[in-house]
Every structure is written in structure tokens, then in C-alpha cells.
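Thanks for coming. Please have a look at the sequence and the model on the screen, and then I will go through a few parts of it.

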Amino acid sequence: MFQYFSDNEVLIQQTLVYVLLAISLQVVLRCGVVSLASIGFYTLGSYASAILVKHDWPPVLILPLVVLASGLVGYGFGKPLARLRGLYLAMATLAFDLVIPVLLINGGDLTGGALGIYAIPLAITTGSLFVIVVVVILAVSQIERGWMGRASLALRSDENLARSMGVRVTRERYLAFAISAALGGLAGALSAMLFRAVSPGNGGFALITLGLTMAIVGGRDSWVGAVIGAYLVTWVPEWLRFVGPYRALVFGLVLVVVILFFPDGLLGAVRRLFARSRRKPAPATRSEREAVPV
Amino acid sequence: MIQVIADSLSLGSVYVLFALGLSLSWSVLNLLNLAYGAQFMLGAYFAYVIGSHVDWPLLVVLPAVMLIVAATSVVTDVLVFRRLRTMAGTPVESELSMLVASIGLAAVAVTLVQHQTQGESKFVPRSVFQVKTLSFGDKLHLTNMQLIMLIVTVLLTIALAVAVKWTRFGRAMRGVAVDPATCELLGVNSNRLFSTTIAISGALAGLAGVLLAIHLNYVDSTMGDPLLTKAFAIIIIGGVGSILGAAVGGYLLAFAEVVIVAYGPANYRDAIAFVVILVVLLLRPSGLFARQRWERA
């Protein structure tokens with residue numbers, strides 16, 4: 001057991017960080033808000049934590065600081081972005097993700113230009129990483145089950161209806177934005193502490209593809225889906241070594257296939273299978289649920 | 001200064017071509033096609049492949065490439081996007097799933113080309129087109145490619161504007177963008193129209209790819225990514241679906257970039273697009289040239 005952990009420690013750490021990133025995307029997607037901003041906050045968080053660790057700040061201080069700062073900036077972002085709907089929002093946040101590498105490359109000594117920052121001292125253990133992820137999952141699962149989870153589901157189905165039922169739409173949006181940004185920043189900060197190098201090439205399109213694959217393939221309706229997604233994305237390339245150079249291609253294909261045939265993700269597919277095998281009426285899939293004649 | 005204007009006119013032409021296709025598929029299909037940068041790259045890549053096998057001139061290579069890229073986009077529409085349009089219950093759902101699918105498709109195309117080129121950058125062979133510099137007096141130097149980019153763009157933009165405004169096809173296209181169900185009742189084959197639109201947008205991406213690849217003498221699997229942000233900025237300036245807006249936006253953005261490269265901190269050229277997006281979205285979310293548009297509940 002111990003041997004297994006030490007052999008695969010990097011992969012386990014990777015999975016845990018990715019779980020956070022996937023949850024950060026799900027939090028907004030679940031409210032029907034197509035925001036990809038948390039990818040940008042991941043990159044920003046990783047740089048912030050890299051710089052602070054190099055200046056000998058203690059991680060106990062850095063992590064709350066990064067979470068708080070990304071949350072506040074995310075909330076601030078929410079203000080102007082709350083007016084945008086659908087594709088405009090997707091586009092604005094995507095542009096945010098794509099411009100950050102440009103700024104980092106031009107950041108001079110502070111960000112290390114195109115090379116990034118490397119030789120960051122190892123600042124965190126797998127144990128504390130695990131604790132952080134568990135705490136986040138507990139918090140998120142409570143949010144999912146609670147009032148805010150139901151409000152965000154209502155928001156996704158019909159914004160005007162949700163508003164008429166007393167959901168404070170704008171506030172929910174800001175909150176989702178802030179939580180998503182804070183989680184993205186946290187995941188980034190942890191990744192810099194664990195993997196000891198950050199570079200501008202890590203952000204951008206590749207990370208967006210990866211993040212969305214994780215958030216969607218497992219199932220975006222629950223944190224369990226995020227865990228499944230992060231696990232698959234990290235471990236499948238290890239099992240299928242020959243995939244190596246075609247990693248991105250496989251992710252891309254999987255993403256398309258899942259979107260086409262399992263819109264509720266693998267989790268949704270499994271749930272439906274279970275419901276059917278117990279000879280109970282299957283819970284309506286998303287498409288059936290929302291195919292109400294207007 | 002006259003050189004700056006000439007350079008921004010030619011660079012802006014490619015931006016306009018590129019943004020037009022993206023804007024078209026967005027306004028008609030509600031599809032923010034993130035595979036669009038990959039289609040642009042495919043255009044450049046196929047020009048390189050064709051050019052290194054046969055001795056065809058640009059006049060043959062261009063239509064061939066446009067046809068190939070248009071065909072690939074029709075295939076993706078029939079296999080993927082059509083299904084997603086009909087499957088999802090709410091517009092928000094289908095927008096999201098199409099967006100995600102297009103990211104997946106982009107990853108597939110980029111990885112394939114990356115593998116084919118072994119990650120090296122290539123160029124379109126001279127047999128396709130010989131770039132020559134033409135001098136107009138002492139102040140102004142242009143390549144023949146820059147002139148071609150400008151002329152092709154102006155002609156195509158006008159043709160597209162006329163087609164969308166005055167032909168039967170254009171009317172149907174604008175109608176479907178607002179309400180596909182009603183258009184179906186009126187005898188418009190909306191699926192065919194969507195496929196045609198996506199084919200036109202693919203052809204424009206491919207065309208822009210070939211022209212820019214020859215102009216910059218450079219073909220690479222990731223060459224489409226930076227352009228995508230620029231196209232976003234252009235669409236935001238011009239408003240979704242507006243052809244005139246895309247033209248103005250494309251030339252404005254190119255002008256700003258050429259100016260900052262000539263006189264300012266050149267490294268920040270790729271950040272301009274983002275600043276534009278942010279400022280316009282904050283001050284005038286519907287775009288500078290957008291007509292009044294009301295939201296459907």
C-alpha cells in the first residue's frame with residue numbers, strides 16, 4: 001500500500017489538483033453560466049503562489065491569500081460580466097484565459113518571461129493536499145444539496161422563472177463567479193507548490209480543453225463527476241501508454257462523444273443504467289426534463 | 001505613416017475574412033465555434049500539403065483548399081452540431097454543448113496536424129505563390145500578397161453583404177437566425193441552411209489561413225489560437241452577425257496592432273484584443289454597430 005502511494009505520488013497529487021479545477025468549472029456551468037474564467041485564475045494562482053513561495057512566505061499564509069484574492073477579483077469580474085449572457089460571457093472569459101499567458105510572457109523578472117518560474121521549493125505535502133480537497137468537496141457537496149444548489153438548477157432551466165420564484169439571480173451569479181475563481185486560484189496555487197515549476201505555456205487552450213473534459217466527462221451535475229473526470233484524465237494516459245503523443249486528440253474525441261451520447265456524463269449514464277436495472281421508471285434525462293413545450 | 005496604414009489594411013483584411021466566418025456561424029447557428037482557429041490552420045496546412053505535392057498556382061490552390069475546409073466543416077455539422085442542436089432542451093444547454101464539442105474538435109485537428117508536421121513550422125512552397133515586394137515611391141513598400149489580401153477581402157465582403165441582404169438565401173438565413181421553427185413552417189430547410197452557413201464560414205477560415213500563411217511564410221499547428229481572440233474582439237466591436245461591423249472592427253484592430261508594433265511596446269500586441277473586448281463589453285455590450293435587438297424569453 002505504502003509502496004503504491006510512493007510510486008504513484010505525482011499522479012495522485014495531479015488527480016487531487018485536477019479535482020479542484022474541475023469543480024471550479026462545474027460551479028459556474030451548473031448555474032447555466034458558461035464561464036471559463038477559472039482556467040485563467042488557475043494560471044494566475046499558480047504564478048502568485050510560485051512567486052510568494054520563492055520569497056519564503058509560509059504556505060499557510062499563501063493559500064488563504066490566493067483564495068481570498070481570486071475570490072474577490074472573481075466577484076469584481078462578476079459585476080460587469082453579470083450583464084452578459086451565454087456566448088458573450090463564454091467569449092469574454094475565454095479571452096481572459098488567453099490573454100493571461102501573453103501578460104505573463106511580458107512580465108519581466110517577476111514572471112520569468114517565456115520560461116516561467118522553476119525550482120520552486122516544495123511547499124506542501126500530499127497529506128495536506130488531500131485534506132484541502134476533502135474540505136472543498138464537503139463544502140461543495142453541502143452547497144449542491146442546499147438552497148443554493150436548487151437555486152442554481154432553477155437558474156439553469158429558466159432564468160426568468162427562477163427570478164419569479166424568489167431566486168436572487170444576480171447575487172447567485174456573483175457568488176458562483178467568486179467561488180469558481182477562488183477554487184481555480186486554489187488549484188493553481190497548489191499545483192505550483194507541488195510541481196515546482198510554472199510556465200506560460202501551461203495555460204491557454206490546452207488547459208481549457210483539459211478542464212472542460214474533466215468537468216463534463218464525469219458528469220457536471222455533481223462533485224462526483226469532477227472526481228471521475230479528474231481521475232480519468234490523469235490515469236488513462238498512464239494505462240494507455242501508446243496514446244502518448246495523441247493525448248489531446250483522445251481527450252478531444254472523448255469530449256465530443258460524451259457530449260453527443262452521454263449529456264449527463266458517465267455518472268448520469270451509470271445512474272440511468274441502475275435505475276433501469278431495478279425496473280423502476282428511469283429518472284428523466286436532462287433533455288427529456290427540459291423538453292417541455294413552450 | 002502611409003506605410004502603417006497600408007500594412008494595417010492588408011493585415012486587417014485577413015482579420016476581416018477570419019472574423020466574418022466566425023460571426024456568421026454565431027449569428028445564424030448560435031455556435032461559438034472554437035474549432036474555427038483550427039479550420040484556419042487546416043487551410044494553411046492543406047495549402048502546404050498541396051503545394052509540396054503538385055505545381056498548382058494560387059488560383060487553383062485557393063478554391064481547392066476552401067472546398068476541403070468547407071467539406072470538413074459540413075461533416076462536423078452533420079455528425080456533431082446538428083445532433084446537439086436538436087438534442088438539448090434549452091438554448092443555453094445547446095450553446096454550451098456545441099461550444100464544448102467545438103473545443104474537442106479543435107483539439108483533434110490541432111493534434112493531428114501537429115503529428116503530421118512533427119511539431120515543426122512549415123511554409124507554403126514558392127511554386128504556389130512567389131511573394132514580390134512592390135515599391136511605390138520611397139515611402140511605401142507592399143508585397144503583391146498584401147495587395148491580393150486586400151482585394152480579395154473587399155470583394156468577398158461586398159459579395160457576402162449583398163448575398164445576406166438581398167438574396168432569397170440571405171433572407172432565409174436571417175430568418176432562421178431568429179426563429180428556425182417558424183422558418184421550417186414557411187418551407188425553409190433549416191438543416192441544409194445551417195450546413196451551408198457553416199460551409200461558408202469554413203471556406204472563409206480556410207481562405208484566410210492560406211493568405212496569412214503565404215504572407216507570413218509560416219504554417220504551424222497552433223497558428224489559429226491567437227487569431228481566435230482577435231476575432232472575438234472584432235465581433236465584439238462590430239456586433240454579432242454584422243458584416244459591416246466585422247469589416248470596421250477588423251481594420252481598426254489591425255491598425256491598433258500595427259501602430260503598437262511600430263511605435264510602442266510591440267510585445268503587448270496580442271493583449272490589445274483583450275483590452276478591446278473588455279472595454280467594449282463594459283461600455284456597450286451589444287457592440288458599437290449593433291442594431292436594437294430584443295431578447296427572446
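In what order do the elements of chain B run from the N terminus on? Before the answer, note that this is a predicted model. The order in chain B is α-α-α-α-β-β-α-α-α-α-α-α-α. That makes eleven helices and two strands.

Now the overall form of chain B. Its radius of gyration is 19 Å, and the globule rule gives 19 Å for 297 residues, so chain B is as compact as a globular protein of that length. Along the principal axes, the C-alpha atoms of chain B fill a box of roughly 60 × 45 × 35 Å. Of the 297 residues in chain B, 53% are buried. As for contacts in chain B between residues at least 6 apart in sequence, 76% of them join residues at least 24 apart.

Let me take one helix from this chain. Which residues of helix 6 of chain B are buried? Helix 6 covers residues 168-178, and its buried residues are Ala172(B), Met173(B) and Val176(B). These residues span an arc of only 100° around the axis, so they sit on the same side of helix 6 of chain B. What do the buried residues of helix 6 of chain B pack against? They pack against four helices of chain B: helix 1 (2-29), helix 5 (144-166), helix 7 (180-185) and helix 8 (190-216).

Next, where the two chains meet. Here 42 residues of chain A are in contact with 38 residues of chain B. On the chain A side, the elements that give two or more residues are helix 5 (86-105), helix 7 (147-157), helix 10 (204-217), helix 12 (247-261) and helix 14 (286-290). Helix 5 of chain A gives the most, with eleven residues. Sorted by class, the side of chain A that touches chain B has 30 nonpolar, eight polar and four charged residues.

Last, one residue in chain A. Cys31(A) is in the loop between helix 2 (9-29) and helix 3 (37-54). Is Cys31(A) buried or exposed? Cys31(A) is buried, because 27 other C-beta atoms lie within 10 Å. Beyond its neighbours within four places in sequence, Cys31(A) is in contact with Ser152(A), Leu155(A), Arg156(A), Glu172(A), Arg173(A) and Ala176(A). Take Arg156(A): Cys31(A) and Arg156(A) are 125 residues apart in sequence, but 4.8 Å apart in space, C-alpha to C-alpha.

Conventions: Residues are numbered from 1 along each chain as its sequence is written. Chains are lettered from A and ligands numbered from 1 in the order in which they are written. This is a predicted model: local features need pLDDT of at least 70, side-chain atom pairs count only at pLDDT 80 or more; totals for chains, interfaces and linings use all residues. A residue is buried if 20 or more other C-beta atoms lie within 10 Å of its own, exposed if 12 or fewer, and partly exposed in between; C-beta atoms are placed from the backbone. Two residues are in contact if their C-beta atoms, placed from the backbone, lie within 7 Å. The arc is that of the directions from the helix axis to the C-beta atoms. The radius of gyration is taken over C-alpha atoms; the globule rule is 2.2 Å times the number of residues to the power 0.38. Ala, Val, Leu, Ile, Met, Phe, Trp, Tyr, Cys and Pro count as nonpolar, Asp, Glu, Lys and Arg as charged, and the others, Gly among them, as polar.
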